[in-house]
Amino acid sequence: MRTPIQVCVLVALVVGVGPAHGQTMLRWKLKPGDLLAVTIDQQTDSTVAFSGKSAKTDIVLKLTLGWNVVAADASGFKIRQSIDGIQQKLTTQQAGTIEFDSTSKAKPTGQSRDLADALRPLIGAEFDMTMTPRGEITAVEPANEAAKALFAGLESGQTADAAARASVEQMLKRPLLVLPERPTNVGETWTASSERPTVAGPLKIDTTYKLTGIADQNGRPVARIAMTAIFTPAAGGQLTVKSPEHSGEIEFAVADGRLIKIAQQQKLTTERPYRETTIVVTLASQQTTMVAAK
C-alpha cells in the first residue's frame with residue numbers, strides 16, 4: 001500500500017486600499033523585481049476507514065517558496081514561483097515515522113527513500129504564473145527544466161496518468177483568495193467558487209470572504225478578512241461530503257499591498273463507494289502561511 005503524500009502549492013494574495021467613503025479597493029500591489037519568501041506550515045490528521053478497518057496518517061509539512069515578480073502592468077502580474085524547500089514527516093500505524101528534508105545530506109532509506117523520490121523532483125522547479133489584479137491565476141507554465149521534467153514524468157510514468165498534469169496545474173492555479181470586483185466596506189462579503197483535488201477526491205469549494213476591519217499594526221494599516229467555505233463533490237463524482245468545516249483569518253499590509261499571514265483550519269469527512277465497500281476519509285488540518293520580503 002502506497003504511503004499517502006500531500007504536496008501543497010501556494011498562491012498568496014495581497015491587497016490595497018481605495019480612496020473614498022471608507023471603502024477599500026482590494027487589489028495586489030506588486031512591482032517588477034519584488035522578491036518574496038513564502039512559507040507554509042501545515043499539519044494534517046487523516047483517517048481512512050473501509051471494511052471495518054482504518055488507517056491513520058499524521059502529516060507535518062513545511063514548504064518554502066520563492067516569488068520573483070518579473071513583470072507588472074494594469075492587467076496584472078507575471079510571477080516566477082520556485083519551490084525552494086520541503087520538509088515532510090508522515091507517521092502511520094503500519095510504517096511508523098517517514099521523513100524527508102530537502103536540506104539534509106543524509107541518504108534516505110526504506111519508505112523514506114520512496115517519499116524522497118516523490119518529493120525531491122519538486123525542489124528547484126520554477127513556474128511562471130499569470131495573475132490578474134483581483135488575484136485570479138489565469139495561466140501556469142513550467143519555467144525551467146526541472147518543472148518541465150516534473151510534468152513530463154507525470155504524463156509518461158508507468159501508469160501514464162493523463163490527468164496528473166491537469167491536477168497539478170489546477171493546484172497551481174488555485175487562488176487562496178479571489179478579491180471583490182468593487183471597493184468594499186467593512187462588514188461586506190463576497191464569494192468565489194473553485195475546484196480542488198484532495199486526497200479525498202475532487203471537490204467544489206464555495207468560499208465566502210468578509211472584510212472585518214482595517215486595523216493599525218506597528219504604524220501601518222492592515223486589512224483583516226475572514227473566510228468560510230462549503231464543500232460539495234465535483235460534478236460527475238461519486239464522493240459524498242459530510243460535516244465540512246473550513247474557516248480562516250487573513251491579514252494584509254494595505255499600503256504595501258502584501259500578505260502578512262493566513263491562518264486556516266479545516267475538518268472534512270467524505271465517503272465514496274469502492275467495489276462492495278465504502279471508503280470514509282476524515283481530514284483535520286491547520287495551516288499557517290507567512291510572506292516576507294527577501
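Predicted model: local features only at pLDDT ≥ 70, side-chain atom pairs only at ≥ 80, totals over all residues.
Residues are numbered from 1 along each chain as its sequence is written, and side-chain values use heavy atoms, without hydrogens or water. Local features require pLDDT of at least 70 and side-chain atom pairs pLDDT 80 or more, whereas totals for chains, interfaces and linings use all residues.

Aromatic pairs were assigned to rings of Phe, Tyr and Trp (its six-membered ring) with centres within 6.5 Å; planes under 30 degrees apart count as stacked, over 60 as edge-to-face and the rest as tilted. The count is three aromatic pairs. Trp28 and Trp67 are stacked because their ring centres lie 5.8 Å apart with the planes at 15°. This pair links distant parts of the chain, with Trp28 in the segment before strand S1 (35-50) and Trp67 in strand S2 (residues 53-73), 39 residues apart. Strands are DSSP runs (E, at least two residues), numbered from the N terminus. Trp28, at 5% relative accessibility, is buried (under 20% relative accessible area, 1.4 Å probe, protein chains only). Trp67 is likewise buried, at 2%. Trp28 also forms a tilted pair with Phe77, at 6.2 Å centre to centre and 45° between the planes. Phe77 belongs to strand S3 (residues 76-92), 49 residues from Trp28, and is buried.

Strand pairing requires at least two DSSP bridges between two strands. Strands S8 (residues 203-217) and S9 (residues 220-233) run antiparallel and are joined by 14 bridges; Lys204 has Thr232 in S9 as its bridge partner. The two strands form a hairpin with two residues between them, and Asn218 in the turn has a positive phi of about 55°. S9 also pairs with strand S10 (residues 240-253), in the antiparallel sense, over seven bridges. The bridge partner of Ala223 in S10 is Phe252.

Terms used: Helix = DSSP H or I, 4+ residues; strand = E, 2+ residues; numbered from the N terminus. Buried < 20%, exposed > 50% of the residue type's maximum accessible area, 1.4 Å probe, protein only.
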